[in-house]
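Let's take a walk through this one, a chain at a time. Have the viewer open and follow along.

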Amino acid sequence: MHLAQLNVAHLLAPIDSETLAGFVALLEPVNAVSDTSPGFVWRLKGGELPTDTVQHDYGDHLVTNLSVWESREALWNFVYRSVHLDVLRRRREWFLRVAEPYSVMWWVPEGHEPPLEEAMARLDLLRAEGPGPHAFTFKDFYDSSEAASRPAAAEERK
Amino acid sequence: MSALADPVRRRLYRFVAGRGRDVGRNEAAEAAGIQRTLAAFHLDKLVEAGLLEAGFRRLGDRTGPGSGRPAKVYRRAAGELSVSLPPRDYGTLAFVLAEVVDLLGDDEQVEAAARRVGRRSAAEDPGAGLKEALEARGYEPYDEGSRIRLRNCPFHTLAESHPRLVCSVNLAMCEGLLEARGERDVAAALDPRPGECCVAFTRTGPSKNNED
């Protein structure tokens with residue numbers, strides 16, 4: 001199994017505004033580090049350019065980052081042990097404060113490239129029910145074996 | 001902890017920990033100025049005590065037949081030990097406070113407080129050089145080109161549970177320390193790597209050429 005992660009951030013201003021210039025400038029180097037990190041599998045891209053963000057219908061000023069990794073450690077080292085950490089540190093310069101979780105993880109079969117709809121559903125699940133084997137966080141992490149043995153509440157309801 | 005009562009053992013521990021990589025018996029013996037067999041005895045005692053970890057690795061470039069069997073190597077154990085008498089538990093308290101700060105989410109106040117603490121701490125060692133001051137705070141600094149990097153994160157456990165918060169605090173404290181020391185030619189920035197502290201220092205000013 002591989003580990004999928006979705007991050008969402010609500011921008012303080014339009015992405016082409018002066019306020020967001022620092023963030024946009026970091027997209028290329030951070031994506032370059034992501035894509036060459038050990039254990040990186042796949043990332044949903046908005047276009048050919050490194051600064052192309054993913055287009056979607058989940059609201060204006062919402063940027064999404066959806067990627068798949070070989071393990072928790074691989075994802076951790078990218079998120080917290082690379083140039084990406086400074087983006088997290090500076091989040092208030094660019095993103096709105098949100099009380100809800102803005103990041104979710106779940107296990108996917110190897111080779112599966114989750115569509116954004118699947119990822120947003122996992123974030124909704126985390127927000128509605130808290131961490132579980134099908135939608136969890138670094139702090140409340142679930143192994144892939146736990147995900148396999150317990151069907152997701154969201155999937156049961158289908 | 002009594003494993004470190006012996007001065008030779010302390011010397012060996014400091015040497016292995018300071019390398020930041022696998023160290024063979026010969027190298028450790030030489031550094032401590034003792035016989036190889038004595039060094040091996042003490043190194044193994046340190047492994048028994050959980051202060052070092054041992055493994056086997058081929059030292060040198062030769063491989064295949066004739067390269068000899070892998071040598072026993074030592075590195076600092078990943079776990080941490082702390083001693084407090086009478087018992088104190090600041091870790092749990094720090095964890096609770098970090099949870100609260102994360103919930104409140106006031107990054108600016110957090111960084112301002114950390115910068116103040118860093119600034120104030122500069123008074124503890126007024127005569128010390130920057131690396132000495134970092135050493136005294138548990139960072140284990142080392143040079144990499146014209147930069148100073150830090151081998152050890154003094155806040156490791158909390159940095160694992162609350163990385164964004166703890167690394168932001170750490171950077172702000174380092175910046176406060178630089179500021180109060182009047183280190184105008186040195187800048188601190190986040191440049192994390194797996195297994196090391198997240199902060200690195202770059203010499204930005206005129207002293208750069210002298211130190212390279």
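Predicted model: local features only at pLDDT ≥ 70, side-chain atom pairs only at ≥ 80, totals over all residues.

Two strands count as paired if DSSP finds at least two bridges between them.

Start with strand S1 of chain A, residues 2-10. S1(A) pairs with S4(A) in the antiparallel sense, over 6 bridges. To pick out one of these contacts by eye, find Leu6(A): its bridge partner in S4(A) is Val104(A).

Now zoom out to the whole sheet. It's an open one with 4 strands, in the order S2-S3-S1-S4 (chain A), and the pairing is antiparallel. Strands S2 (40-43) and S4 (103-108) of chain A sit at the edges with a single partner strand each, so one side of each has no neighbour in the sheet. From one strand to the next, the twist averages 25°. As a reminder, strands of a sheet are held in pairs through backbone hydrogen bonds, either parallel or antiparallel.

What lies across S1, S3 and S4 of chain A? That's helix H5(A), residues 116-129, which runs at about 80° to S1(A). Strand S3(A) covers residues 62-69.

Over to chain B, which is divided into domain 1 (2-76) and domain 2 (90-211). The C-alpha centres of these two domains of chain B lie 30 Å apart.

Helix H4 of chain B takes up residues 90-104. Just after H4(B) comes Gly105(B), with a positive phi of about 65°.

Notes. Residues numbered from 1 in each chain as written. Chains lettered and ligands numbered in written order. Helix = DSSP H or I, 4+ residues; strand = E, 2+ residues; numbered from the N terminus. Axes fitted to C-alpha atoms, helices over the stretch in contact; angles between N-to-C directions. Contact = placed C-beta atoms within 7 Å. Domains from an automatic or database assignment. Expected span 1.5 Å × (residues − 1).
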